[in-house]
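Dear colleague,

Please find below the structure that I am handing over to you. My findings are set out after it.

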Amino acid sequence: MTAGKNDAGAEDRATNRNQSEVNRKLKYISLAVLVVQNASLILSIRYVRTLPGDRFFTTSAVVMAEVLKVCTCLLIILLQKRFSLKETLHLLLDAIVFQYRDTLKLAIPSLIYTLQNNLQYVAISNLPAATFQVTYQLKILTTALFSVLMLRKSLSRVQWISLLLLFAGVAIVQVQQEGNKEASLANSANQNYMVGVVAVVISCLSSGFAGVYFEKILKGSSASVWVRNVQLGIFGTALGLLGLWWNDGAAVAERGFLFGYTGMVWCVIFNQAFGGLLVAVVVKYADNILKGFATSFSIIVSTVMSIYLFSFHVDLLFTAGAGLVIGAVYMYSLPKAPGSSPSSSSSSSSASSASPRTDRGVEMEAFLPKA
């Protein structure tokens, strides 16, 4: 009898060790995927927007990404309903049409997300990839501030210090880039540095507000994350088409919706559409520290790749500013000290990656705009 218990205990310990080893490997895989996704999207957009020749319409790329997101969400809902078309249609009809007031609440974040996606193209088209990657971390600051103002969340002292370091680091990078602006513009006649800076700042503000607003809507809601993303995608597609007509309507009518699309452009669109899903799947195995480290490491990867791909110049001032941003991102993701209030502890996850999150878990990150 005793021998049997000992054998069972040994098996349990062996199983726990194996599970622990699997989880450890999954964490490292998650880290690699997060770094690649964060860095590759920015580098690939920068690459396709600086290639010579015909350029695709960014407004059409935004619409195409939204369509792919909606289709993928619908497929996931269909899988959840075990391919029952009747149940899927009933669910969508009830959530989107019959509860139309609830659906209309998502018009505001969808509008902001559509604006943000278009601004992201504008910013990366006019800024070096490394500069954009560093500056775009201001979304952590804006999300944190909107969380405090709109959700009455509190931040720890370490988080406030990290936000100050973040702002200081971005400011140093901008000072460094301002000094090199004339040289960069001489080599890039079609780029406007100030337009890029304004676009990324507005994008950060919109990202922070939309993320917190979306979190506020989801709290207390019974709708699934995938249904919410279908609702967002419907508005996003409609608003994206409106933006396409307003900005590029005549050109698209003349040259076609897919004008300038290459294999690399499709890679960018698929990265935008499915990158969020990929991150949502793997991030469940990663904690906030690992996510912060992944974001920091992706800045380093973007900077190094920019040197080789775009002849980006790194000097001491840029290194100092980027170092402050990397340290600030990591500090912000650190766990809170014991004794913190529940509302305080929840704010870390809501703003650490500048993507809207709720107690539903990381699924909400899927298909939301990511950089």
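This is a predicted model: local features need pLDDT of at least 70, side-chain atom pairs count only at pLDDT 80 or more; totals for chains, interfaces and linings use all residues.

Residues are numbered from 1 along each chain as its sequence is written, and side-chain values use heavy atoms, with hydrogens and water left out.

The protein has 15 helices and 0 strands (DSSP runs numbered from the N terminus: helices are H or I of at least four residues, strands E of at least two). Of its 371 residues, 51% are buried (under 20% relative accessible area; exposed is over 50% and partly exposed in between, with a 1.4 Å probe and protein chains only). The accessible surface comes to about 17,800 Å², and carbon and sulfur atoms hold 66% of that (Shrake-Rupley method, 1.4 Å probe; for residues, only the protein chains shown count as cover).

An unreviewed UniProt entry lists several spans as "transmembrane region", including residues 193-214 and 226-246; such annotations may be inferred rather than shown by experiment. In the model, residues 193-214 are 100% helix, with end C-alpha atoms 31 Å apart. Residues 226-246 are also 100% helix, and their end C-alpha atoms lie 29 Å apart.

Ile172 lies in helix 8 (residues 157-179) and is partly exposed at 26% relative accessibility. Beyond residues up to four places away in sequence, Ile172 touches Leu317, Gly321 and Leu324 (a contact means heavy atoms within 4.5 Å). The C-alpha atoms of Ile172 and Ala322 are 8.3 Å apart, although 150 residues separate them along the chain.

The whole structure contains 11 aromatic pairs (ring centres of Phe, Tyr and Trp, its six-membered ring, within 6.5 Å; planes under 30 degrees apart are stacked, over 60 edge-to-face, the rest tilted). Phe209 and Tyr213 have ring centres 5.9 Å apart and planes at 25 degrees, so they are stacked. Both lie in helix 10 (residues 193-218), 4 residues apart; Phe209 is partly exposed at 27%, whereas Tyr213 is buried at 19%. By contrast, the rings of Trp266 and Phe270 are tilted because their planes meet at 50 degrees, with centres 6.2 Å apart.

With kind regards
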